[in-house]
Every structure is written in C-alpha cells, then in structure tokens.
Amino acid sequence: MDFTGKVVLITGASSGIGAATAKYFTALGASVVLTGRNAENLNKTGSECEALGKEKPLLLVADVTSTDDNIRVIEKIIKKFGKLDVLVNNAGKGLSGGIENTSVEQYDDIMNTNVRAVYHLTMLAVPHLIESKGNIVNVSSVAGTRSFPNFLAYSVSKAALDQFTRCVALELGPKQVRVNSVNPAVIITDFHNRLGMSAEAYAAYLKSCEQTHALGRVGQPSEVAAAIAFLAGDSASFITGTCLCVDGGKNVMCPR
C-alpha cells in the first residue's frame, strides 16, 4: 500500500491503537494529522512518526467532544494541506458499569465521546472527503456486535457507532466516499488500566483471553492499524458499510 500524497486525520493518536495507526500510515507515506488531549503523549507519537524518516506530522491538541476544537482541526488541515483524504475516528473511552450500578452521567460521558464526537467531526469532514473521494474508518469494538455484562454504556455506544458506519456508507456511497469500521476484541493497550484494573488482574485477564479468542491470544495495536490502513487503501476500493472484526475470532466463539 502507498499513501503518498494522502492526508490522513487520526483522532485519539496519543496512545494505543491511534498511535500505532499514526506510525503505520506514516510508514506508508501519508501526511498524517494527529489529535489527542494529552500534549506530552501526542508529541511522543509525533516523534516516533518522525523517526520513520517520513514527513513530519501535524500535531493538534484537541478534545473531540469540543465543538470548537473539531472545527479548528478541520480548518487547520484544509489551510495546511488544502484537502482531506482519510478520516480515522479512533478517539474513544470505556467505563465499566451495568444497569444496576451505572448512572446517566456515565452514559452521557460515554456517548458524547464515542458517538456524538464522531457524528460531529464526520459532518465537518464530509464536504472535503466528497471532494477528494476519500473515506472514513471508525474504530468500534467487538462490544458493538456481541453482548457483554457490566459494560452497558460502552457496548451501546459501539453498537450505535456500527449503525452510524452503515448508514453513512449508504448516504455517501453515491458520492464515492467509503465508510467502514474495525471492531477489535482485546488489544494490548492501556484501555484496561484506565478502567482501574491492577497489573495482576490484567495479567490474569489476558491469560483468560486465551480461551475466549479462537487464535488463543489477544491482539496488538499494529494488527488493528494494518486493518485500518487496508480499509482506507485502494485494495478495499469495493468495500463500504463493513464492520470488520479484528478480534482473533472472539466474535464467533460464543454469543458473549
């Protein structure tokens, strides 16, 4: 794959899947625009991209839940590059909680980041993607396709994101803009640490995942990044409206 001359916006690029995707696209020649809330981590990702010997990324500290930030990000991209070819909606968050111990505040927090922010940024990007005949890749989750206890708001948000992916794909298909998602299962990132899981508990959890993923292991951020790049590239030119499970077979193991 070659993304030379393509401008790629990746949200939530300061760590995990977003950082891996930034480096993957950079290595393929893309001009990457990276956003995140943590300036220190975002600069670290930017330095790692520069070390690949490619074009220096445009780093924009921004919060996807901020209307003003989203407008500013798109304006800066168009001012610098004059176009946008790929939007990777990666920024997201997770919190545990079921119907008996969650709150409306948690629901609003999750939905604002995982759905509303994607909705808004995509709206702003679409006119430029239509012009470039570009495409969108949303980072969803296996939680959008399967049911899990104690992750109610998160699972609902990812199911909504999958439906958003399909609906927008139908709307933009006639304009030659493709829209897809990747739906990872357990990937080695700091996601579970942010949920408050201890190092010991996380190690035990990863061990148990050997039984819940058909390949007998969890995934790496680079494997999700490769799938995102595939969907954004010319090799996937006839793929739209697809929610691609990058999950080591977890999606087909059992209903949960």
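Tutor: Please note that the model is predicted. The structure holds three aromatic pairs, and two of them, Y119 with F164 and F151 with Y154, are described here. A pair of aromatic rings is described by the distance of the centres and the angle of the planes.

Consider Y119 and F164, whose ring centres are 5.6 Å apart. Their planes meet at 40°, so this pair is tilted; planes under 30 degrees apart would count as stacked, and those over 60 as edge-to-face. Y119 belongs to helix α4 (residues 104-132), whereas F164 belongs to helix α5 (residues 152-172), so the pair ties together parts that are 45 residues apart in sequence. As for accessibility, Y119 is partly exposed, because its relative accessibility is 47% and this class lies between 20% and 50%. F164, by contrast, has a relative accessible area of 13% and is therefore buried.

The pair formed by F151 and Y154 is edge-to-face, with 6.4 Å from centre to centre and 70° between the planes. F151 counts as partly exposed, at 23% relative accessibility, while Y154, at 11%, counts as buried.

Finally, an aromatic ring may also lie beside a charge: the charged end of K80 sits over the ring of F81, 5.4 Å from the centre of that ring.

Definitions and conventions:
Residues numbered from 1 in each chain as written. Predicted model: local features only at pLDDT ≥ 70, side-chain atom pairs only at ≥ 80, totals over all residues. Heavy atoms only, no water. Phe/Tyr/Trp six-rings, centres within 6.5 Å; stacked < 30°, edge-to-face > 60°. Helix = DSSP H or I, 4+ residues; strand = E, 2+ residues; numbered from the N terminus. Buried < 20%, exposed > 50% of the residue type's maximum accessible area, 1.4 Å probe, protein only. Lys NZ or Arg CZ within 6 Å of the ring centre and 35° of its normal.
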